[in-house]
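Subject: Structure handover

Hello,

Here is the structure I promised to pass on. Please open it first, then read my notes below.

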Amino acid sequence: MNLKLKIWRQKDTQNRGKFVNYELRDISPDSSFLEMLDILNEQLVTRNEEPVVFDDDCREGICGACGMYINGHPHGPDTLITVCQLHMRKFKNGDTIVIEPWRARAFPMIKDLMVDRSAFDTLIQEGGYVSVNTGSAPDANNIPIKKEFAELSMDAAACIGCGACVAACKNASAMLFVGAKVSHLSLLPQGKVEARERVKRLVAMMDKLGFGNCTNTGACEAECPKGINMTNIARLNREYYKAAF
Amino acid sequence: MSLAGIFLITFLLVHMGINLLVIIFDDPMVYNRAAHFMSSNILIKIFEIVLFGGLLLHVIFALILQVQNWFARPRRYNKANYSNTSFFSKFMIHTAGIILVFLIIHFIDFYFRVKFGHSTMIHVDGVMYHDLATEIVDKFKLLPFVIFYIAAFIFLGFHLIHGFQSAFKTLGLDHKKYTPVVQALAFIYTVVVVAGYSIIPLVIYFK
Amino acid sequence: MVKLHSRIPEGPIAEKWSSYISNQNLVNPANKRKLDIIIVGTGLAGASAAASLAEMGFKVKAFCYQDSPRRAHSISAQGGINAAKNYQNDGDSIYRLFFDTVKGGDYRSREANVYRLAEVSNQIIDQCVAQGVPFAREYGGTLDNRSFGGALVSRTFYARGQTGQQLLLGAYQALSRQIKKGNVEMYPRMEMYNMVMVDGKARGIIGRDAITGKLERFSAHAVVLATGGYGNVFFLSTMAMGANASAIWQCYKKGALFGNPCFVQIHPTCIPVHGDYQSKLTLMSESLRNDGRIWVPNKKEDAERLQKGEISGVDIPEEDRDYYLERRYPAFGNLVPRDVASRAAKERCDAGYGVNSSGLAVFLDFKDAIERLGKDVIKAKYGNLFQMYEKISDDNPYEVPMMIYPAIHYTMGGIWVDYELHTTIPGLFATGESNFSDHGANRLGASALMQGLADGYFVLPYTIQNYLADEINTPRFATDIPEFDAAEKEVTEQLEKLMAIKGGQTVDTLHKRLGKIMWDYVGMARNKEGLVKAREEIIKLKEEFWSDVKITGELDDLNPELQKASRLADFLELGELMAMDALNREESCGGHFREEFQTEEGEALRNDKDFTYVAAWEFKGPEKDPVLHQEPLNFEYIEVKQRNYK
């Protein structure tokens, strides 16, 4: 298939970026989206041009490194996948594909399609953990956990930290990311102990980092490659009120 | 934000109930008495202040949050968001703007005139009443006014259909079983409110 | 001359580790604050070690090439983690896990290390549960287990098909907590380019900031490698795109011995290659073999029609299917160890029974399981894997059988370490997949997570103190000393040399060619002739690389092409060493299959008399052949037998 690509190119934060058009021919519908970009980059390097920079690593949809905004969708038009799992058969011959980086104040631009998502790390550092030192754990079966809660917790814990929720949200809000972490931990007895402190600190940090506010629009849930549910946002709110009173 | 919203949602129902008196009863005095009661009862007067506070909070929070939200994405996407989402939620601030314009006109037309005495007065049983019912009927004989009024309520509907259920989520109320109920309720409520308010000018205009 | 000393503690095997802990040297809390430890890599081994050491009070500097420590490739592990808890009451024990691991590794691992691994496995599960890892549970609230290849008990703990992710997030969160506390300085997007030695001890690293392209110096009292495996030498593998061997390779070139480089695991259940543009291979968890049945047609004409795309798997009647694993290995059936399953698939495909257009795929069929258990049960167990398969291949595995083929997955070989995970360079430690230690010639499923976390949470934090106890008088030192100057200069020169080539071939083109040589000659089946040829071709390719590679961009800037080229330069050298090691090992064992050494039925034939040793290679200089050292392996607690899964 033949494609027209319109890709955001920006050398660094000092330079203003712009869209650059590229044409690609004879792309196999069975190739992945990133493989298509690999082919483009091979051609660019051969022509002595700088390749398009983007983050990627595992290329099997779990590390959360890849992420770009394709035709108005984080991770592209397919659902429940990351860009690296998107395949070209989802496009039609002759399509124009617009590719932009994640855009949010909390995710500053680095280069081309690469942004700095360390704000997510800062959030986890702020309290997204259980304070237990190595070696001090009781036997794993000491505390039974209701299967339903273990499953709900796992649903939330499946978050890969890719940032699609922030990218999709019209307000660039990180509520789904934070909601997922708060839910993951507060649903388990091990995480309940410090649930109050955790939620207060995470919410305060989220505001400080410049993420927007949640208006329950649901774009995060619609675009989340792991299908993380918005109920986690409501649970975050609930935990927050619990902590306040 | 959500609390103020839910509060306003309740008020809308009360207000609608009183308005409907205009068309339910042929006697304009039913409405006028109700309006008189609403503006003279001491409890209601206190409540009026609370109501204004709620509205003000709703608006102020909305502005603060909206500015923060715009600020959270200084550089917009070239290709707009196509995510499959709650459609009306994307335009809450826009629908809010239209509703605000309506409210301002509404206040100038009715509320302030009543408060500062420019409306027609009638005497019944030794009590002075504002003859608002007649004024309403007069207004709704004008087509542009009817259209404007109904349009405003349709936008209010857009605002409500998302706002109603969103308020619950913001309050942390989300449940496998009950959230669909809340959503259904939001829909019914919105239809009732929009229809309830809109029917008044229509009935009057076509009478 | 390097002397290999494995430092295995005296005493019966079950008491070695506890007696080691009781007798080792410790560092007192006041001194811990004064000691710096560099940890390169933040996967399971690196993140858990960084967190644990920081909790103890050491000052840790942690590095990863990704934008966040949470992205390390441990996250991709799907199936689970083994532990000898015996929660299922099916007769599991520490000894049995130890036994299975040594046997699964085809008797090429060190008994004492493996026993320790089995011993601490239970603590790992406790630790992870306490951290909030949402393992699968029974309705009664207790932990669930499943069975995995190479074992007759259910000892694998799992969190859906994302066990690696959940364990890594647990370690990452523990690490994050220490970052916040200021005990760990975290350097993401900082790749190690050189190791710095001062007075014969590992004292620091040279890192390159991927964003600015600047080289930076870091000093410490000890350096820990936790950089994972080197499977990307094959270009196509299930490894992450950025996974590389450069850190361990620089250490090898500084004098750390490299153990068993030819031991590479080929995973039997990956999605087959579909075109020459392919960038990586996707693994389907081995747990699928619990319920899926592997087969090819037993008539060649059916296979040919499948290859032409005239029919699909569902068109072939039951009697014309060859469930070759069940046929050849009735006892273990579809659950034979990975090396056995991989070779059996290759054998069928080489014989012309492959089922996709390239003839390099076999079926993994869930029809029986869906009939037996129902679609819902299968969906609950494997839903996310099935979905992943469908997204990639566009086939619905609930309707048609999956197609799978073996792919490079894990490297058992790595930097040689002793019982203390100490390399042959004082002060340099290697953990997780980056060391050679615990899996012998083949790793069992769900053991990689176990080893990474065992090393990071429970082994290294103890053993490193035995070394650091003698370093308490070494003050923190600045990096403006000649040793750092020299190490940085080496890197600068190498990178400048790369940038100056300005040749005609892209890095990936050359890497793909290296991958093809490796896969053809140093892959699933090897022979003398091929290995000799591989070495010659790699040497030629290396020359071509150094004269004709094309790198765009600037030296001191964000430059992915330069990063890739620098990694490939090391892969080319490592590939050669792998071929040499494979050539040296004249036997078949585990993942290493030499066609000259097989039984009449085509099973791997070990040569215990001559090759019961760890091959540890010593770097002697760029143009010189490395020197082989042998660490003999003694089996006192396990009888060495030909593996039998029949």
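Predicted model: local features only at pLDDT ≥ 70, side-chain atom pairs only at ≥ 80, totals over all residues.

Residues are numbered from 1 along each chain as its sequence is written, while chains are lettered from A and ligands numbered from 1 in the order in which they are written.

Chain C

Chain C holds 18 helices and 22 strands. These are DSSP runs numbered from the N terminus: helices are H or I with at least four residues, strands are E with at least two. The C-alpha trace spans about 75 × 60 × 50 Å along the principal axes of chain C. Of its 646 residues, 62% are buried (20 or more other C-beta atoms within 10 Å of their own; exposed means 12 or fewer, partly exposed in between; C-beta atoms are placed from the backbone). Among contacts in chain C with a separation of 6 or more, 75% join residues 24 or more positions apart. A contact means C-beta atoms, placed from the backbone, within 7 Å.

Two helices of chain C

Helix α4 (residues 94-104) of chain C meets helix α5 (residues 111-131) of chain C. Their axes come within 8 Å and cross at roughly 135°. Axes are lines fitted to C-alpha atoms, for helices over the stretch in contact; angles run from 0 to 180 degrees between N-to-C directions. On the α4(C) side, the contact uses I94(C), L97(C), F98(C), T101(C) and V102(C). Residues from α5(C) include V114(C), Y115(C) and L117(C).

Chains A and C

This contact takes 66 residues from chain A and 64 residues from chain C. On the chain A side, α1(A) gives the most, with seven residues.

One residue of chain B

I122(B) sits in strand β1 (residues 121-124) of chain B. Leaving aside neighbours within four places in sequence, I122(B) touches Y129(B) and D131(B). I122(B) and M29(B) are 93 residues apart in sequence and 9.8 Å apart in space, C-alpha to C-alpha.

Best wishes

Methods:
Contact = placed C-beta atoms within 7 Å.
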